Amino acid sequence: MAKLAGTIAQWRTHFTRQWVPDLRLGLQNLLSHRLRSLLTMLGMIFGVAAVVSMLSIGAGARQKVMAVIEQMGVRNLIVEAKETLEWQEHQKIRKISPGLTLQDYRVIRDNISDISAATPRKRFVPSKTIPKAQQDMPTVYGITPAFLTIGGLQVTDGSFFGEEDEKAAAAVCVLGAGTRASLFGALNPVGQYVKLDEQWFRVLGVTGPQLSSQADIAGLPTQDLNNIIYVPLNSSLLRLENSYSDVRDEIDGIYLRLQDSGAIERSSHVVRAILDSSHHGASDFSVIVPAVLLAEEKRTERLFNAVMVAIASISLLVGGIGIMNIMLANILERTREIGLRRAVGARQSDIVRQFVVEAVMISFVGGTFGIAFGFVMSRLIAWLAGWSTIVTVASILLAFLVSISVGLIFGIYPAVKAARLDPVEAIRYE
């Protein structure tokens, strides 16, 4: 213990005698040439700000996408029909495939034993509603009560429809959070009626808000998941139709929830094989496995981070070259000072330490300002563009460590060059 205390005391004395004077001298030199120091730091400031802001934009976008995928359910398996509204294209496909049907749903349920919940889906977009929609026209989802579990829906007001409503094709519905605001505003819609084209539906309840993606995710169309009206599947099939009903599949989606998350990928192959057989290879459907999408998104995140850091590091490299140029010019300006220090006993290592400390201090101060500037930029981008940005501790540490490393690397050559000056020639330098 005494030996350790002695070692610590020696290191403290060494640091106080050698590094503290160099730190003080370096700070005095930076303050005595404020404008030059600021111009030298600009490359480092913008480089660090670029790393922080770019990583914050990427982190925000990926977190939202991953949240949407997780909301889809890591134990779920989704089949989406690839429908076309063009009559000729529809007839061409129908010569090969009957489209997605309830029979497909029954066959899938019979061949996969690990299913804990399942539901077909029939989508419908009405041409008019009463009350009139104040925003985009809501989408009607015809589903069974099992979707409440599969979709992770939370009923905030009223209740969801049950099996009896499904069997009787009852004219009842449940509103998404966005649909409630669009149709009824601040009023309580439970017990009220909504008219979809020519059919009236009684509102049973309202679901809580859900996350929605702003871009297609592996076959899933872009859609506001809050602007949905849920109705029993049989009600959608028997009560709702429009001019496009003849060119649509019998159902347009199938949702499966499996008991074992490890069997999802194997089950997806079974589903794909069943549908390929019944659709005769028409490829008019897609099978989405959220668990696989989540794993792929995490791999993409790591690659994206590496690419973003590489791109933004170019700015740091430019900043480092600026530091080296200024330090080389600084050597010419302070040649007589270097000669005098060498003449009074300063070693080459002392000169190297002096200039390296100054270079690192420039990087340190520039990196600090760059982090603050990057944080402001990310918030400004989020405000102006409406994007989600997240400034992570990892991005700040990464940018800061890289800036310090750049200053250290690009400060060594000028420091070594200064240390190798001939003291006699340095004193005589004009």
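**Entry 1: H4 and H9**

I started with how helix H4 (residues 102–111) and helix H9 (residues 264–278) sit against each other in this predicted model. Their axes are 10 Å apart, and the packing angle is about 140°. Angles over 145 degrees would count as roughly antiparallel, so I noted H4 and H9 as oblique to each other. I also looked up the handedness: H4 crosses H9 in a right-handed way. Which residues make the contact? On the H4 side I found Asp 104, Val 107, Ile 108 and Asn 111. H9 brings Val 271, Ile 274, Leu 275 and Ser 278.

**Entry 2: Arg 121**

Next I went to strand E2 (residues 115–124), where Arg 121 lies. Is Arg 121 buried or exposed? Its relative accessible area is 0%, and anything under 20% counts as buried, so Arg 121 is buried. I then listed what Arg 121 touches, leaving aside residues up to four places away in sequence: Glu 80, Tyr 141, Gly 142, Ile 143, Leu 233, Ile 251, Asp 252, Gly 253 and Tyr 255. With Asp 252 there is a side-chain to side-chain polar contact of 2.9 Å. I checked Val 140 too: 19 residues separate it from Arg 121 in sequence, and the C-alpha to C-alpha distance is 9.9 Å.

**Entry 3: H11**

My last stop was helix H11 (residues 335–343), whose buried residues are Thr 335, Ile 338 and Gly 339. They span an arc of only 100° around the axis, so they lie on the same side of H11. A handy reminder for me: an α-helix has 3.6 residues a turn, so residues three or four places apart point the same way. After H11 comes Gly 345, with a positive phi near 115°.

Definitions and conventions:
Residues are numbered from 1 along each chain as its sequence is written. This is a predicted model: local features need pLDDT of at least 70, side-chain atom pairs count only at pLDDT 80 or more; totals for chains, interfaces and linings use all residues. Side-chain values use heavy atoms; hydrogens and water are left out. Helices (H or I, at least four residues) and strands (E, at least two) are DSSP runs, numbered from the N terminus. Buried means under 20% relative accessible area, exposed over 50%, partly exposed in between (1.4 Å probe, protein chains only). Contact means heavy atoms within 4.5 Å. A polar contact is a pair of N or O atoms within 3.5 Å; within protein, one must be able to donate a hydrogen and the other to accept it, and residues adjacent in sequence count only if both atoms are side-chain atoms. The arc is that of the directions from the helix axis to the C-beta atoms. Axes are lines fitted to C-alpha atoms, for helices over the stretch in contact, and angles run from 0 to 180 degrees between N-to-C directions. Angles under 35 degrees count as roughly parallel, over 145 as roughly antiparallel, 65 to 115 as roughly perpendicular and the rest as oblique. A crossing is left-handed if the near helix is turned anticlockwise from the far one by less than a right angle, and right-handed if clockwise.
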